[in-house]
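The sequence and the model are shown first, and the description follows.

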Amino acid sequence: MRTRRQKILEDSQAVVGRLNAGETSLQIPVDLIFEILLRLPVKCIARGRCLSKLWASILDRQEFTDHYLKRSSARPQLLFAFQDRCKVFFFSAPQDDNSSLITASYHMSFPVNRVKEIYSPISGLVCVKDERILKGMKTPVTVWVICNPSPGQYFTLPRMKTRNNKCDVRSFFGYDPVEKQFKVLSMTTLAHGKRDLAIYKEHQVLTLQTGKLSWRMIECDVPHHHGINSICINGVLYYKAKNGADSSTYGKDIIVTFDVRSEKFGFIEVDKPFIPVHTLINFNGKLASLESYSFNRRSPIHLWVLDDIEKNEWSKHVYKLPASWEDVVGDADLYCVKVTASNEVVLSGYYQRSPFYVFYYSLEKETVRRVEIQGMEAFKRFQVYTFVDHVEDVKRMKGVLGLALK
């Protein structure tokens, strides 16, 4: 029985055979064809699909797109987003390039009204939370847009139905690497606890899958008020919150866990006072909390790593800023984006400047380097959203999700 890879190679050889028809030429080995296709830039993949139905069938095969994603994961990208009037724009640049000057590549844009949040990219997809006034309505409602910047496609998720259209909505974007499923978790404020702490009572989940998409109610036995920082590690979504249970720990800081596959909630008690001002990160596959404001205070960096989630055991690590920090960073107002797989903290400014820099602080070497990003000068003084570990996924969402895409 032929494997899917063999089928791709046979179809590729058929294309080459047609091109070489009637000519005396050397045949290109099928393995070399497959390797050439994997090395093509994303834009060339998009153009190749337009050549013919045969080329499109080759480049759309799951075997090819899976291999492309795997190779892309080894060379992650920085992702940048801007909102200009009624559109959001996406750019990317190499993340682990040691150059001091990099040019960003433009990918796509799509219409929005008022972007409330852009979530960290996961396996090539980005979730955008937008606030719009829909036809026939007088007040704005929350909508979510899923996009894949690489092929330049996007679609709007169905509207979530709530008991109160004026309630506050908070959302998180997660991915289960085992079942390869993306999910959007949303919650609404329907009740207030003591001291007016808004408690999220209504929880809904939407799975990005083939067929009709719809929101489903799920149970959460951890009353809480959400925070503003989250991260998804190995199929588990973590986000900061405040305990809403009627107990002695009411209002205390906790970290809520959400298993993307089982859709079960849990929580981690936090006794230390660092959580409100820290950034949740992935540190060598473990949940960690980084004291992000210290980069602007020029003080030592404190990192807490959750070594054992069952025992709630944390280890503390302290890092010093190098003597060259002032010369490299200057008076830049920075925030912590996240940490790369090579344990470099990526720092970015809040607004696009000219020149625009991204800074890398190595936790292992305690050194800092500066990279200038060119190609986005048209968005000077605009707010910039910066993300790490974006991968290029050439899968087309049409057919995979059963939707008509823009």
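## Salt bridges

Glu263 forms a salt bridge with Arg216, and their closest N and O atoms are 2.6 Å apart. Glu263 lies in the loop between strand E15 (253–259) and strand E16 (264–269), and Arg216 in strand E12 (residues 216–218), so the pair ties together parts that are 47 residues apart in sequence. This is a predicted model, in which local features need pLDDT of at least 70 and side-chain atom pairs count only at pLDDT 80 or more, while totals for chains, interfaces and linings use all residues. Residues are numbered from 1 along each chain as its sequence is written, and side-chain values use heavy atoms, with hydrogens and water left out.

A salt bridge here is a side-chain nitrogen of Lys or Arg within 4 Å of a carboxyl oxygen of Asp or Glu. By this rule the count comes to 14 salt bridges. Three of them, including the pair above, are listed here.

| Pair | Closest N and O atoms |
|---|---|
| Glu263 and Arg216 | 2.6 Å |
| Asp60 and Arg49 | 2.6 Å |
| Lys242 and Asp253 | 3.1 Å |

Lys242 lies in strand E14 (residues 236–243) and Asp253 in strand E15, so this pair links parts 11 residues apart in sequence.

Glu263 is buried at 13%, whereas Arg216 is partly exposed at 31%. Asp60 is partly exposed, with a relative accessible area of 31%, and Arg49 is buried, with 9%.

## Overall make-up and core

The protein has eight helices and 25 strands; these are DSSP runs numbered from the N terminus, with helices (H or I) of at least four residues and strands (E) of at least two. Of its 406 residues, 52% count as buried.

In helix H3 (residues 42–49), the buried residues are Val42, Ile45, Gly48 and Arg49. Seen down the axis of H3, these residues fall within an arc of 120° and so line one face of the helix; the arc is that of the directions from the helix axis to the C-beta atoms.

A nonpolar core is a set of buried Ala, Val, Leu, Ile, Met, Phe, Trp, Tyr and Cys residues joined through side-chain atoms within 4.5 Å. The largest such core has 23 residues, of which Leu290, Phe295, Leu303 and Val345 touch the most other members. Among the elements that each supply at least two residues of this core are strand E18 (286–290), helix H7 (325–329) and strand E22 (344–349).

Contact means heavy atoms within 4.5 Å. Leaving aside neighbours within four places in sequence, the contacts of Leu290 include Phe295, Leu303 and Val345. His390, found in strand E25 (residues 384–390), is buried at 1%.

## Backbone features

Most residues other than glycine have a negative phi, and most peptide bonds are trans. Phi of Lys180 is near 55°, a positive value, and Lys180 is exposed at 53% relative accessibility. Arg381 has a phi near 75°, also positive, and is exposed at 66%. A cis peptide bond, with omega about 5°, joins Ser354 and Pro355; Pro355 is in the loop between E22 and E23.

Methods
Buried means under 20% relative accessible area, exposed over 50%, partly exposed in between (1.4 Å probe, protein chains only).
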